[in-house]
Amino acid sequence: MRAPGPCGECGTRGTARYRCPRCGSAYCSVPCCRTHRERCAPEPRREREREAAGQGPVPGPALSPGAVEDILSEEDEQDRVPLHKLKLLGESEELRDLLLNPHLRQLLLAMDQARDKSSLMRRLMQEPLFVEFADCCLSIVEPPEKENVLPE
């Protein structure tokens, strides 16, 4: 993972962790995102690429503050989980039962607050409870395909 560059809005060095999906400009925070969004002019080439890929234009400033679209780069787009699948997570009793565990909740809180999320994720994937949680989430969002199943 490469080090963040300077923020395109406030100029602070090494803090621009997010990219505008419309123009690719880097920024460091929600306030800088809001400032950028007010005057963002997408690159015509990037807009044409999105339309050619069948994704359509990215919605403009009507997005809610701090929307997911603001922090995902184009590379991340392919890993993005559709909203209807995310809603399935909220409907899962198995997932709700897991989230009642105070230790798991503490692990998730630590992950949310961590600066170096990737190294913490590697450590958490050694924790059986966290692996069970991750597997549960993945099985809901991407159910295993039924391979080699004989018809009844």
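Helices here are DSSP runs of type H or I with at least four residues, numbered from the N terminus. Phe130 sits in one of them, helix α9. The model is a predicted one.

## Overall layout

The protein chain has nine helices and two strands. Read from the N terminus, the order of elements is β-β-α-α-α-α-α-α-α-α-α. The chain counts 152 residues, and 28% of them are buried. Take the contacts between residues at least 6 apart in sequence: 42% of these join residues at least 24 apart.

## Helices α7 and α9

Helix α7 covers residues 102-113, and helix α9 covers residues 128-141. Angles from 65 to 115 degrees count as roughly perpendicular, so α7 and α9 are classed as roughly perpendicular to each other. On the α7 side, the contact is made by His103, Leu104, Leu107 and Leu108. On the α9 side, Leu129, Phe130 and Phe133 take part.

Is Phe130 buried or exposed? Its relative accessibility is 5%, and the limit for buried is under 20%, so Phe130 counts as buried. Leaving out residues up to four places away in sequence, Phe130 touches Leu104, Leu107 and Leu108, and also Met121, Leu124 and Met125. The C-alpha atoms of Phe130 and Leu107 are separated by 7.7 Å. Along the chain, these two residues are 23 residues apart.

Asn101 lies in the loop between α6 and α7. With 27% relative accessibility, Asn101 is partly exposed.

Leu89 belongs to helix α5. Not counting residues up to four places away in sequence, Leu89 touches Leu95, Cys137, Ile140 and Val141. Leu89 and Cys137 are 48 residues apart in sequence, yet their C-alpha atoms are 6.8 Å apart in space.

Ser92 is placed in the loop between α5 (83-91) and α6 (93-99). Its relative accessible area is 10%, so Ser92 is buried. A polar atom of the Ser92 side chain lies 3.0 Å from the backbone nitrogen of Leu95. Leu95 is also one of the residues that Leu89 touches.

| Pair | Separation in sequence | C-alpha distance |
|---|---|---|
| Phe130 and Leu107 | 23 residues | 7.7 Å |
| Leu89 and Cys137 | 48 residues | 6.8 Å |

## The salt bridge

How many salt bridges does the structure hold? There is one. Side chains of opposite charge can pair when their charged atoms come close. Here the partners are Arg39 and Glu9, with 2.3 Å between the closest N and O atoms. The pair links distant parts of the chain, 30 residues apart. Arg39 is in the loop between α1 (30-38) and α2 (44-52), while Glu9 is in the segment before β1 (18-19). Why does Arg39 count as exposed? The cut-off for exposed is over 50%, and Arg39 has 56% relative accessibility, so Arg39 falls in that class.

Glu9 has polar contacts with two named side chains. One joins the side chains of Glu9 and Arg39, at 2.3 Å. The other is with the side chain of His36, at 3.1 Å. Which residues does Glu9 touch, not counting residues up to four places away in sequence? They are Ala26, Tyr27, Cys32, Thr35, His36 and Arg39.

Terms used: Residues numbered from 1 in each chain as written. Predicted model: local features only at pLDDT ≥ 70, side-chain atom pairs only at ≥ 80, totals over all residues. Heavy atoms only, no water. Salt bridge = Lys/Arg side-chain N within 4 Å of Asp/Glu carboxyl O. Buried < 20%, exposed > 50% of the residue type's maximum accessible area, 1.4 Å probe, protein only. Axes fitted to C-alpha atoms, helices over the stretch in contact; angles between N-to-C directions. Parallel < 35°, antiparallel > 145°, perpendicular 65-115°, else oblique. Contact = heavy atoms within 4.5 Å. Polar contact = N/O pair within 3.5 Å; in protein donor to acceptor, adjacent residues only side chain to side chain.
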